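Colleague: Hi! Could you walk me through this model, one question at a time?

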Amino acid sequence: MDYTHSKANEQLSFFDTDDSFLKIPSRLEGFNNSSTEVRRTVSGREVFCFHGTLGLVEQDRVCPVCGKRMHINKHRNLTLRHLCFGGSLSAVSFDRVQLVCECGHSHMQKVPFKAEGHQISVELYQYTRDLLALGTFTLKQVAEVTGLGKNIVKDIDMARLKELYTIDGTRLKRPEKQARMLAIDEFKLHKSNIFATHIIDLDTGHILWIARGRKKQVVYDFINHVGMDWMDSVEAVACDMNSDFQEAFEEKCPWIQIVFDHFHIVKYFNAQVVSEVRRDEQKRLNESGFKEEAKALKKTRYILMASRSTLQAKDAKARAGEPVRRSGTVFPEEPCFRKEGYEAKYDELLRQNRLLFTIDLIKERLALAYTRTDEVMMAEDISSIMDICTASRNSHLYIFGKLLSNHFEGIIAHATYRISTGKMEGINNKIKVIRRQAYGLPDDDYFFLRLFDASRKEYVRNPPSHKFRD
């Protein structure tokens with residue numbers, strides 16, 4: 001079988017003695033295929049190696065220094081990886097000439113289809129970029145599809161991300177859209193106690209800034225990056241109760257309202273109040289000789305933390321005979337059904353223990369407070385919770401009351417702005433998935449750019465299936 005290349009239509013034609021031929025699209029301008037051989041790599045993959053010649057363009061013969069005609073000094077063989085044929089790899093091999101001028105200048109012949117900085121064709125380079133841009137493949141998967149090394153794929157992705165989100169590959173681009181509401185949160189960067197902080201636009205969910213650390217300097221650097229003219233239009237920032245973030249924004253942009261996230265307050269209440277009070281009460285009852293009452297508090301942590309509506313929903317499912325799902329799988333051969341009585345168990349605990357009844361009252365008041373759309377009414381609810389905590393004379397409740405007092409303004413601001421760090425928690429989950437799929441990403445700069453890109457991917461929950469119709 002013979003192989004020829006038509007420069008007119010840039011097609012690689014395959015034909016044999018009976019004049020049948022197959023045209024494969026090729027944009028290898030100037031390359032003339034003369035022979036093809038099949039090789040095997042060390043891993044056992046098949047490689048189609050296309051040997052040929054590269055035509056010398058007259059512009060390459062002109063010396064850029066003196067303008068005289070250059071002559072060929074020597075030939076050097078060059079092999080470029082090309083697009084795969086199914087599971088088989090392919091490569092293009094040809095001689096590249098070195099040109100020398102009388103003035104002493106020399107340069108190698110230009111290869112129009114060679115990707116800059118890599119020994120691969122432009123087509124393979126672009127195909128790799130397209131796969132990476134989808135955001136659904138890991139570096140290892142793209143490397144297996146394209147036949148390239150994992151480090152080469154990473155370099156290609158790094159160049160792609162820098163083009164999108166940086167200026168000259170060094171400075172991060174300013175946000176294109178003006179944001180009204182921001183959110184800030186930290187996440188664990190590596191297994192050790194090394195954290196990073198990211199700031200997002202709550203309207204779009206786009207990450208605007210990522211930096212190592214979780215101190216004031218992160219906020220200062222972000223403000224310097226976007227500029228005070230951009231910050232003038234920001235109205236509020238949702239965050240957890242990290243005092244460094246609050247103080248940094250109040251110091252640089254005092255007009256911005258800090259809004260403390262509802263989730264973090266409830267999480268603190270459950271972990272530091274409900275859990276600790278239950279443990280202390282169980283210990284006190286055991287020491288006082290009330291063994292049965294102490295035993296009744298065992299395995300009640302979830303019941304005490306859950307809302308009444310959640311307990312009622314679980315009782316309704318139990319009455320309907322819905323089986324318990326374990327790891328997302330139902331075991332019909334060994335049915336395990338929910339037992340009714342969550343709400344009754346909860347009411348019994350409240351009747352037996354005055355302190356638990358107080359916690360339930362605070363939990364209901366707190367849930368009511370976060371339904372308010374008027375700061376005055378929400379302030380009254382939070383103030384009543386603080387009074388209950390003080391009157392209880394319990395150390396855990398007293399500390400929670402002080403927490404509400406110290407963050408009072410940022411808590412009641414939720415009635416006006418109605419924002420939270422919910423989108424941040426979703427991004428944090430995405431961060432864990434990306435890091436787990438890659439088995440860790442030690443290059444922080446590349447990891448941060450990956451997160452920038454991931455936050456801009458549109459997420460469709462349960463996308464509709466496209467079926468073929470007759």
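This is a predicted model: local features need pLDDT of at least 70, side-chain atom pairs count only at pLDDT 80 or more; totals for chains, interfaces and linings use all residues.

**Helices, pockets and a salt bridge**

Modeller: Happy to! Residues are numbered from 1 along each chain as its sequence is written, and side-chain values use heavy atoms, with hydrogens and water left out.

Colleague: At roughly what angle do the axes of helix 12 and helix 13 cross?

Modeller: Helices are DSSP runs of H or I with at least four residues, strands are E runs of at least two, and both are numbered from the N terminus. Axes are lines fitted to C-alpha atoms, for helices over the stretch in contact, with angles from 0 to 180 degrees between N-to-C directions. For helix 12 (residues 342-352) and helix 13 (residues 354-369), the axes come within 5 Å and cross at roughly 120°.

Colleague: Which helix gives the most to the lining of the largest pocket?

Modeller: A pocket is an open set of points on a 1 Å grid over the protein atoms alone, where a 1.4 Å probe fits, with protein on both sides within 12 Å along at least five of seven lines; lining residues have an atom within 4 Å of a point. The largest pocket holds about 640 Å³ of space, and the closest to its centre of its 24 lining residues are Gly135, Lys430, Ile434, Ala454 and Lys457. With 5 residues, the top contributor to this lining is helix 18.

Colleague: About how much space lies in the second largest pocket?

Modeller: Strand 11 (181-188), helix 8 (262-287) and helix 18 each supply at least two residues of its lining. The space in the second largest pocket is about 410 Å³.

Colleague: Which residue meets lysine 154 in a salt bridge?

Modeller: A salt bridge is a side-chain nitrogen of Lys or Arg within 4 Å of a carboxyl oxygen of Asp or Glu, and the structure holds 19 of them. In this one, the N to O distance is 3.1 Å and the partner of lysine 154 is aspartate 443.

Methods: Grid points are joined across faces, edges and corners, and a volume is the space filled by probe spheres set on the points.
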